[in-house]
Amino acid sequence: MYEKQIEQLIILQQVDDEILILKDEVEKAPLELADLEAQMNEFKERRIQIDERLDILKDQKKKLGIEIEEDAGKIKKSKNKLMLASNTKEYHAMMREMDSLEKLNRNREEEKITVKEEFDRQNAAIEALNEEMSGVQEQYDALKTTLDERLAQANKKLESLGRKRKKACKVVPPPILGRYEFIRERMQNPVIVPVTQGVCHGCHIMIPPQIYNDLQKGQQILSCPNCQRLIHWQRQDESDA
């Protein structure tokens, strides 16, 4: 009966280790998807900013076009008036006005070119962003498909391990099972370890001779007085195998 209990405790520990790994995978797997979702949201924010910038540039381009057209009309009228100037003073005044309008229009034409260059840069940024978004979207879709499959497999395995765990727990006496659960919650794995040549494989410290003698009798499940883990005797030839 003692050997059966030790065997089931070892199985229980192996099952709990598997459950721990699977639960960690189930918890972390969606985080991979969340990271890609965060990237997609960042792309959307960047696209909104670019679109807003493009709207401003469109308005700016339209406004410049109207102003250039209006000033071109004013320059044309000024040229017509210039021919009707009655004296030199009036002529020079009209020339200064024309020069001012032409200079203003040249500045606007230069600004229009700058706006167009910025407009082209923003459109190029959209193309690059769309390409980047497309790549991340493909990763997201592929991961979403495999993630659903992985989670389904992990949950199925967890159900199987849960049944195996219940079966092992039925063999172990409640007091021993309680000690096992207590140690597992508070200490780093493993919970149950072998002892060979008087040395605990959990803390690697010699246990007292009397406890080692009692352990070899195989009559009760004992704990290491140093690390408090559950211990069982393992013959040297078994540990070398």
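In what order do the 4 strands of the open sheet lie? The order is β2-β1-β4-β3, and the pairing is mixed. Strands (E, at least two residues) and helices (H or I, at least four) are DSSP runs numbered from the N terminus, and two strands pair if DSSP finds at least two bridges between them.

A word on provenance: this is a predicted model, where local features need pLDDT of at least 70, side-chain atom pairs count only at pLDDT 80 or more, and totals for chains, interfaces and linings use all residues. Residues are numbered from 1 along each chain as its sequence is written, and side-chain values use heavy atoms, with hydrogens and water left out.

Select 199–200 and 222–223 next: these are β2 and β3, the edge strands, and each has a single partner, so one side of each lacks a neighbour in the sheet. Zoom in on V195, and you'll find C200 of β2 opposite.

Then show helix α4, residues 209–217: this helix packs on the sheet and touches β1, β3 and β4 (contact means heavy atoms within 4.5 Å). The direction of α4 makes about 65° with that of β4; axes are lines fitted to C-alpha atoms, for helices over the stretch in contact, and angles run from 0 to 180 degrees between N-to-C directions.

Last stop: α1 (2–82) and α2 (88–171), which pack at about 165° with axes 4 Å apart. That makes the two helices α1 and α2 roughly antiparallel (angles over 145 degrees count as such).

Key
Parallel < 35°, antiparallel > 145°, perpendicular 65-115°, else oblique.
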